[in-house]
Structure formats: structure tokens, C-alpha cells
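Dear colleague,

Please find below the structure that I am handing over to you. My notes on it follow directly after.

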Amino acid sequence: MSPLWRALTSAALLAAVTAASATPPALAAPTAAAPAAAAGTADVTVDVDVRSGLATVPTTAIGVNHAIWDAELGKPAVSDLLKNAGVRMLRYPGGSYADIYHWRDHTAPGGYVAPGTDFDTFMAAAQRAGAEPMIIANYGTGTAQEAADWVRYANVTKGYDATYWTIGNENYGNGHYGSAWEADDHADKSPSQYASEVVAYSRAMKAVDPDIKVGAVLTMPGNWPDGIVAAGDDGTWNQTVLRLAGAAIDFVDVHWYPGGGSAAEALSRTEHIGDAAQLLREQIDRYAGPGAGRIGISMTETSVGVGPDTQPGALFLADAYSGLLENGVFTVQWWNVHNGIGTVSTVAGQTDYGDFGLLSSGGCLADGSVCEPALNTPFAPYHGLDLVADFARPGDQLVRAGTGNPLVTAHASRRANGDLAVLLVNKDPDRAHTAALQFHGWTPSAAAPAVSSYLNGGAAVQTGGTGDVSGQVLPAYSLTLLTLHPARTDAAPPQQPGRPVAGAVTDRTATISWPAARAGSRPIAKYEVYRQTAGASEQLGETTGTTFTARNLEPGRRYTVTVVARDTGGTASWSSLPLTFTTAAPAQSVCTVRFADTNDWGNGFVGSVDITNNTASPVAGWTLTFTWPTGWQSVSSGWNATWQQTGTTVRVTSDAAIAANGTTSVGFVGSYSGPNVLPAAFTLNGTVCSAG
């Protein structure tokens, strides 16, 4: 649901965006020293594995939102600040305003439009910043013709070469599911109506410029109204839009405001990213029709709900941008450049103004009791963005990194010159942690790494530090970026193998194939296949060909694998892009389980489980066992059997018999606070069942 802080609709509120405080408070000094050399026993182990490749960083990766109610939008100083922070994509005209905005006369009936924020001014600002535009066409109160005329003006008349166009903003918030914040003049507010209009918009816009890319609004898995089927619909918003409009779009557009009642809880929500991105990709592949693999994913709004302009904002931004980019999202865009003072609080010793902008609006509370820093002073997330842009550069390959401590997260990227960058996020507000670094498939030089850091209360990113390649001290509530050089650089290693695909996936095996790598200075001797894990990847096997059958897999389990080419001299290529697949249930078994989500309300659902005995003898007394794929799913209550959950494992027991070739049905109420990944493997009295 759209946060209320985005609904700035009055000139009085917008004045706060442009008025600088007469006596702005000074920024506090950092509360911890810059990272020093690691000393003593490490309490966190950081594993970095270059054999476990993730996504490649696109030029559009680092983004932020601009808004027509922000009078600073076109100011050169703002564009320069964004350029210096590495911003390469800017969204316009700003959230829910997009569905009331008419570009031709630069009006937004019912909202406030600041002077100097028209489309040409925005484009000049974007060009000065060196950023591509992400433009939102008005779905709520506009037409396909209006959008097509905008494309014509932008790309034919003005030659802006604006590639990315989204149809509307959060259009599921039009009241169809009960909550209404998004303008929508259509009598029919269903996802099928939105989908049909997306097709019409796409045709009209691409008739003007066939090279543009058109996006449709979806909801992020695990976020409302994901999973909900409204009255009169035959599927969820995502299912319906993808099924009816999948052939007409080039990307999907999602927002993610993970919430959390405290800073610690909000910062932990980045754990949801991998599952949410995978579920979204699965929805696209399942419902969007042939060629669904071409459809990209954009994250055009995200922010943290606690401490948005102090250190939690910086830590969340760094963790979220990195995690989303690792999962193939082609742009991540913070809400917002400016936003205005909100509820003032103290977070980790720093004054938080409740302002969801990267830069200060320079305003004060209505009673004048608290004022923000001077206009355009960077808040903490700005410095986090600066560090992320240095970490994830266009063309870098993100690779798997992990720790065993949920308060310390790690991300890594491999550069064309052989360097490795490691971003470490210490979410512990009270304690420094000493990290020991372990590298897999890559050997660092003994030279001290370059170190950049952003500390709680800091006014800028600091450079310099005295840690070494094996360890670093991470101050409390800090971001630390290490850039390490390789022990040696091979002149001409093999090229990266193509992305693998999976075929003939069963409960225990999967056949993996990939396009051959191009040889470097020596012939390719073999390919190695790795399964990604949180630490060092597991080698599943090797082959001289380009097909490999992985065996001894577990039923109903998700696997992510990569391929590395190695030449006759032992030099390895970069990892392929990853392949993720889920093994099936057994094709045949003495039992069959049909598991279904029959009624979902966004953070809980009614589940039904049908258990069939496929034998000619009754089963007298039984235990069904399954494991939730995540730690945020649980059984609240159940019926027709005894339900127990320990950790993520659920046991369903009954003394009743299941008749020969008969079926018994049980059910439960489940709850979830993140992506609802349904279990795929079930055992009855210790035997893995087939799927119904």
C-alpha cells in the first residue's frame, strides 16, 4: 500500500521542500572510528565465492524518484549531487501523482505541481545527472493516446530517446481490493481491465516508437494484495495482468515497503528479497506466455519505515539495492530525492526527521521547534547510495557472499580488471564485529585492500583503513566497502559460459545444459558445475561437454547452480549466470498429497491438504510431515488432525485410518510475514509422496 508520506497535496506542505531552515542543526559527528585492522578472534566469517555468479550489474541499476511537487527537481545542484552519488536512472513524475498528471499542460488536478518541474526541465536535469528516465504514463485519469503523444514528443520531437515507460503506479490500490489511494477513472477497476488497457497503451506507444520498453504494474510477492483473489476475478492481480498482457510488455514494475515495527525488524526484512524475487520470476514464467524470459523486473520504489534519514535508512538501502540487483532486478529506485519533514525521533543517537528523501528539504515543524539541516544536505541513505554505486558498477558480476550472523550481511562483485569488491553491512547498533574473510575460487593479493566506510552519524563516506585481506573490524551500525586485488591476473582466461537451462527435472535428478564458453589463450579442458550455498559452493560434478546430469537431489527443493569453464592450464572463467530450479515430487509413490492455498488475505491463508493412499491396504494411523521453505511461515490452527510445528517443520498426525485407495482431507490456517513460498515435498509415515 502506498505510504502516506508520498501524498503531499498542498502548497503548504510543499513549501517545506523549498524553504531552507534559518538555523539548521549541525550534523552530528560519527559515533565510531573508521575501521581499524582486524584484531583478536573473529566473531563473523564472511564467505565470498566467485564460482557462484549472480546477476551482472546493468547501467540502469542505481535509481531514485523525482516528483513534480519538488521545486528542487530541476536545480543543477541537485542533479550534480545525484550524479556524484552514482544515480543512473530517474523516475518521473512521482508515485501516485503519475495517475493524475497530464504532461502536455503540466497539470495534476487534485495535487500540487511546483514551478520548474515540467517534463523538459526533468529531462534536462536527468541529462545533467547522466541518468536515463523511467517515465510513468497516466493510467488512472489518462488515455493510451495521451501516452502515445508523450512518446512522440519525447522521442520524435525532442529526440530524448526515453526507453522505459510504465503504465500507471500501484494501480491495484484503486479500491478493487478494498483500500483506495490511487486515482482510477475506469468504471471497471479489476486487474483484467488494467491488463486490457496495458495492451492498448503498449500498442499505441510502440506504434510511435517500437524501440521503447513498456512495463506493467505488479505487486511484490509477500506484499498486499499478493495472493488475494477479489470478488468476480479468477486470479490474483499478478496472475491476471501477466496472463492477459504478458505478450505486450517488456518488464514488470513492483514496489517494496517491507515495514517493521522497529529498526531491527525493518533491517531484517531484506532476508525476504531472494524468495520474493524468485516467486515473481516464477509468476512471470508461468503466466506471461511464450518468451516470458525476456520480461525484466524493475523496483521503482523502496524505502525503510524506521529511521528513513538516519543510519537504518543507509543500511537498508545498501542491503536492499545489493540484494535486488543480485536477483536480476534491472533498476532499484529509492523513494525519494526530497520528501519533507515528518515525525521527528531519535534513532541510534541521531535525530531522524521522518523525511523519506535522500536530501534535506530544509523545512521545520509547524511550531518551529525542530528544523532539518540546510536544503539539499544529504541524509544517511544518500551516502549509502554513494557506497553502493561504487560497489556495484555497470558490467560487474555480483557473486555469492554470506555470513553466519544475521546482523552482518555481505555482498560481493567481480570487476573486469580482476578486482573483487566486498560490501559488509553491520546492522548491530551496539557492537562492532570482527569479520574473517574467506575467498573461494579466487585468491587475493597480500596488498592491503582499499577501504571505504559510512558510519553512524557521518557527514560523508570515509576512505582509508588499516584492515587486511583476511579480516576487518566493522564498527557498530556501519557500511564497509573493501576493494581487493587478485594475487595474479591471467591474460586470456576462458570466456564466461552461457546461462544454463534445466531439462528433465525429476525428484532426484536434473539435466543441466549451457552454451559453450569461448576459449582464451588455451583450449577449454572441462566445465565445473556448482550448487550455490550460503558459504562455499558445492561442486556437483564436471564434464568435458556442455550437458551435465545432477543426481542425488532432494525432492521439492530449490537449487541454484552455475557453471565455470577451466582451460588446460587450470585457469577458470568467470561463473555463468545462475540457473534456479525446483525438483519435483516423485512421479509415483504409495501416497499422493495435494496442497492448496484456497483463500488468501495477504498475510495469512486457509490451506487444504488432501492425502491419498495409493495402496490396496488401509493406512491405520498416520503422520504427515512437511517443512516451510522460510522462517516467517507458520500454522496458526488446524482441523481434522493434530497439528504441531517445531521450527519450520510441521507434523500432522491422526489415529484415523486412510482407506485403501482412499483420501482423507485436513486443513489449517497459515500465517506469513514475507513471501509465501508453499512447501513442495511431503512425507507420509516417512515415505515421500507424489504431488496431486
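Helix H9 (residues 311-326) has 16 residues and, at 1.5 Å a residue, should span 22 Å; its end C-alpha atoms lie 23 Å apart, which agrees. The expected span is 1.5 Å times one less than the number of residues, and helices here are DSSP runs (H or I, at least four residues) numbered from the N terminus. H9 is mostly covered, with 16 of its 16 residues buried, that is, under 20% relative accessible area with a 1.4 Å probe and protein chains only. Just after H9, glycine 328 adopts a positive phi of about 90°.

Please note that this is a predicted model, in which local features need pLDDT of at least 70 and side-chain atom pairs count only at pLDDT 80 or more, while totals for chains, interfaces and linings use all residues. Residues are numbered from 1 along each chain as its sequence is written, and side-chain values use heavy atoms, with hydrogens and water left out.

The axes of H2 (residues 76-84) and H3 (residues 119-129), being lines fitted to C-alpha atoms over the stretch in contact, come within 8 Å and cross at roughly 40°. In contact (heavy atoms within 4.5 Å) are Pro76, Ser79, Asp80, Leu82 and Lys83 of H2 with Ala125, Arg128 and Ala129 of H3.

Alanine 207 belongs to helix H5 (residues 191-208). Its C-alpha is 9.6 Å from that of arginine 152, although alanine 207 and arginine 152 are 55 residues apart in sequence.

Yours sincerely

Note on methods: Axes fitted to C-alpha atoms, helices over the stretch in contact; angles between N-to-C directions. Helix = DSSP H or I, 4+ residues; strand = E, 2+ residues; numbered from the N terminus. Buried < 20%, exposed > 50% of the residue type's maximum accessible area, 1.4 Å probe, protein only.
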